Amino acid sequence: MDLSNIKTMDLSEIIVCGMFLSILGLAYTAYEDAPLVKKIRRKRRWSVRPINQKRKDTGHFHNLFKDMATVDNEQFIKYTRMSQTNFYKLLGLIRHKLIKWSRREPISPEHRLVITLFYLSQGCSMQVVAWSFLIGKTTVSVIVKETCEVIWNVLSSIYCKQPTVEEWKKKADEFYRQWNLPNCCGAIDGKHITIQAPKKSGTAFFNYKKTFSIVLMAVCDADYIFTLVDIGAYGSQSDGGVFLESVFGRGLESGKIKLPANTPLPNTDIDFPYYFVGDEAFPLKPYILRPYPGKNLNQEKQIFNYRLSRARRTIENSFGILASRWRILRNNIIGEVDNIERITAATICLHNFLRISEKDAEQLVYCPSNFSDTAQGNGHITEGLFRKKQIDNSFQRIGRMGANNPSRSMIALRDRMAHYLSHEGAVPWQWAHISRGSRPE
């Protein structure tokens, strides 16, 4: 039909032309919006890659792992970061979530767990794991993703649950017994976990260290067990953004996370709130004590800073143990941000699971007594072995997390604690440390 002669058309021809164009437009729209019914797949060369068909003959799980489990327990511990007792305890907790059904022989729950632990503990790439276990790289990626998610979903409600008011009180008592700081529920800090630049993320994950990262913020108790955790904030956030936007930061600020009511400091009638200790990166709050800034401080303030620095070793140890045992956190992790968050969450759960499971064990394999810092009766601290295996710059500390303009009431609260630590709450060795001007131990 010649549309150039539309002026000479009669009415019926114009109507037919309009209907034709409408139908054509509707058909094009339906084509654009319709989902692909059949995806065009490239023809696969093999159902299973020839080298992977030798999995049961030469793969890690069927040979190396099984041999370690039967004849070399020391290597089993290095491989999985745990004793055989705790390995099979862990497997018993998550096995039902790892069972898969397939026309071909599926990879067993035990096999899946070993693959995931190897990836997390050795910090190697997915391709190295695939070569080691003679499994496709994509299959390894799926297994690690699913297993980490299962570990978090199952273990978090048991080993990472938020403490109750009574449990906070017990943790504060233990903190006072071990680290000589009253009313302290734990230590708080954060670390950057280096990642490959996410697609189309701009500078959202680009931090002040000129790397891409997500933030792991956590609170730990005196036994190096994580009690509050927030994972996944943009590495570019600063000036209090990460802490104030974190789940437990909002919970503490709003009062949803309930700490015990104010109680008198030991040997006094001075009521004082329960709190966490943080470094200079954190804001001064009723529930956070941070050091005095500056260098030319009087003796009372120096002692306060020393005692806080000593107590903050707990979170340094917790992060140090975590990164030393689960070396994936020391690498530039490649993957989707959601998957990296799952990986990080799984390491936190595994850390707590092993710390709690070994509390009353005769043999400590995850964190032996000499692996973390040990406080002596005279105040001296023996540094743990994890410090000799110091983590590299990929597990970086965070920058400033809060404003440096506290209210007068907060300053007065800190001054009250500083006065207490120099008088009723003094410990015999603190004067020697301050007078010789050494780094606080």
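**Reading the aromatic rings**

Author: The charged end of arginine 414 lies over the ring of tyrosine 292, 4.3 Å from its centre. A charge sits over a ring if NZ of Lys or CZ of Arg is within 6 Å of the ring centre and within 35 degrees of the ring normal. The model is predicted: local features need pLDDT of at least 70, side-chain atom pairs count only at pLDDT 80 or more, and totals for chains, interfaces and linings use all residues. Residues are numbered from 1 along each chain as its sequence is written, and side-chain values use heavy atoms, with hydrogens and water left out.

Reader: Which ring does the charged end of arginine 325 sit over?

Author: That ring belongs to phenylalanine 371, with the charged end 4.1 Å from its centre.

Reader: How is a pair of aromatic rings described?

Author: By the distance of the centres and the angle of the planes. Rings of Phe, Tyr and Trp (its six-membered ring) pair if their centres lie within 6.5 Å; planes under 30 degrees apart count as stacked, over 60 as edge-to-face and the rest as tilted. The structure holds 17 aromatic pairs. In one of them, tryptophan 168 and phenylalanine 276 are edge-to-face, at 5.4 Å centre to centre and 75 degrees between the planes.

Reader: Are tryptophan 168 and phenylalanine 276 buried or exposed?

Author: Buried means under 20% relative accessible area, exposed over 50%, partly exposed in between (1.4 Å probe, protein chains only). Tryptophan 168 is buried, at 0%, and phenylalanine 276 is buried at 0% as well.
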